[in-house]
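Thanks for coming. I will walk through one structure and keep to the geometry. Please look at the chain on the screen first.

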Amino acid sequence: MSITSDSSNSDAAEWLDVEPDEEQITFVSLFGTETFSSIDDLLAHSKTQHGFDLVATMNRLGLEFHDAIKLINFIRSCTQEKQSLPQTITNQDFSDDKYLKPVLDNDALLFSLDEILAEQPKNEESGSAEDKSSLGPRNKQLEEELAAVKEQFAAYRLAVEETLDKRWGDENDTTKSGNEKKKDPSDYYFESYAYNDIHETMLKDEIRTDAYRDFIYENKQIFQGKVVLDIGCGTGILSMFCAKAGAAQVIAVDKSDIIHKARENIFNNGLAKTITCLHGAIEDVKLSVGQVDIIVSEWMGYCLLYEAMLPSVLYARDKYLRPNGLLVPSSATIWMAPVHDSEYVADTVSFWRDVYGFDMKAMQEGIYDEARILTMPPAAVCGKPHPFKVLDLHTVKPEDLVFTAEWESEITRNIDSLDGFLIWFDNFFVNSRDDKLPESQATPENFAKQKPGYVAFTTGPFGKETHWKQGLLLQPPTVLKAAQPKLAGKIVFSALEENARALDIQVTWAEEGQPEQSRLWKLK
């Protein structure tokens, strides 16, 4: 599209008239979600609408800078948890150092504390010379204290800006010895679930969310009056399904900070009396009950076992689930099939050999080393899928999640090369611990028809796309000797040495009568 010089000049003139945007600072109320353009408006609102004078309270308690930070975060915590403030706030109410952690991201009130502290009682301009003379030493002392507070504030502001950027408790934390503390990969895992976008993606995955909703609502007789444990509750959606289905008590647990949003969601939907939210890993929190009747969890990751959340579910199963209690879902099957997709190979591998006339083969280094998460077209599957692992969640042990399994397949159409392997999983929901779990070859469609209340879904290429998609193990195209040969080999699932939540996937395979081949992929 061409642009004339006249229009360019006109546009430029218009842009010259535009005033540069100034960053708008917004102050959030201590007692709700109202926002104000100035700190004075916030303080006035607190006085007139909530009968609380922040400046007077700080003066009464004689707060210095860090204690003032803790007071504000204490008030915000009470507001967030729907708790009333003490009739008379004392220093003991917010003595815990946890209140040094900001409750709100980018809390403008914390960044403006110097303005509030500057409102400490000042000497009047008027008065006799004798009064002024006697107050001179006191003024000097106050000025020195204010200078110290401002110095503290400057250091704190820098620390808050850094931590709010990277979330509280990141790699900038140090050990008592002063050495940098290396973050466990699990820290990043839980931090990633504190953001809205990942939960939006999961909730909009209708295959996933509908399966849990349908199973819970179609089996209300199972949930009626029962105690349910929801592990990795996220936004609280599964807990709320269970509460609506008649559960007497639901305990929602999540180590991510998303638990605070879940608590609000539950309160806003009038379910706070039924659902209790606990912040922490299931291995660390203390439940208010000794046993639960049902454990609900959406623990599945890419290729089923990526993220390694299942061991936490099994820990809770062994510690809290009553005999004959139910796990939702109850079993999972992992599948693999050979694939051929010359168009995909051309777009992602061969592409680098001619980029606008330049050979960028250097970009192909390591191109086959990592598993890819994507949705493959059904036509790319060129062989019979094989169910190489079935997990009965009521009986599987953590050590069973590192395994070597046999697999086999028969190429179903003539292809000029084998491009790799595709992995996906199916999930099954039974409504009785006594029911027989599906056979390895069972399809979700057939299983769901076996009994009222049964639910199942697939993440494979022949079903509707889910947010899990499939795992593609891409390899250099291999020419097969026979037209439609049989393939057989082994597949190994194991944790990455440097990150227990990631996966090493190794596949060995051979065409009948041909040498065995092997390749390792990482999913991280």
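I start with Ser297, which counts as buried at 1% relative accessibility; buried means under 20% relative accessible area, exposed over 50% and partly exposed in between, with a 1.4 Å probe and protein chains only. Before going on, the source: this is a predicted model, where local features need pLDDT of at least 70 and side-chain atom pairs count only at pLDDT 80 or more, while totals for chains, interfaces and linings use all residues. Residues are numbered from 1 along each chain as its sequence is written, and side-chain values use heavy atoms, with hydrogens and water left out.

Ser297 sits in strand 6. Helices here are DSSP runs of H or I with at least four residues, strands are runs of E with at least two, and both are numbered from the N terminus. What does Ser297 touch, leaving aside its neighbours within four places in sequence? It is in contact with Tyr212, Asp230, Ile231, Leu238, Met309, Val313, Val328 and Pro329, where contact means heavy atoms within 4.5 Å.

Take Pro329 from that list. The peptide bond from Val328 to Pro329 is cis, with omega near 0 degrees. Pro329 is placed in the loop between strand 7, residues 321–328, and strand 8, residues 331–339.

Helix 10, residues 206–218, packs against helix 12, residues 237–244, at an angle of about 20 degrees, with the axes 9 Å apart. Axes are lines fitted to C-alpha atoms, for helices over the stretch in contact, and angles run from 0 to 180 degrees between N-to-C directions. That makes helix 10 roughly parallel to helix 12; the classes are roughly parallel under 35 degrees, roughly antiparallel over 145, roughly perpendicular from 65 to 115, and oblique for the rest. On the helix 10 side the contact is made by Thr209, Tyr212, Arg213, Ile216 and Tyr217, and on the helix 12 side by Leu238, Phe241, Cys242 and Lys244. By class, these residues of the contact of helix 10 with helix 12 are 6 nonpolar, 1 polar and 2 charged. Nonpolar covers Ala, Val, Leu, Ile, Met, Phe, Trp, Tyr, Cys and Pro, charged covers Asp, Glu, Lys and Arg, and the others, Gly among them, are polar.

Now helix 3, residues 54–61. Which of its residues are buried? They are Leu54, Val55, Thr57, Met58 and Leu61. They cover an arc of only 165 degrees around the axis, which puts them on the same side of helix 3; the arc is that of the directions from the helix axis to the C-beta atoms. These buried residues pack against helix 2, helix 4 and helix 6.

For helix 3 and helix 4, the axes come within 11 Å and cross at roughly 130 degrees. The two helices are therefore oblique to each other. Leu54, Thr57 and Met58 of helix 3 meet Ala68, Leu71, Ile72 and Ile75 of helix 4. That contact of helix 3 with helix 4 has 6 nonpolar, 1 polar and no charged residues.

Last, two backbone points. Lys82 has a phi near 60 degrees, a positive value in a residue other than glycine, and is partly exposed at 43% relative accessible area. Cys303 also has a positive phi, near 50 degrees, but is buried, at 3%.
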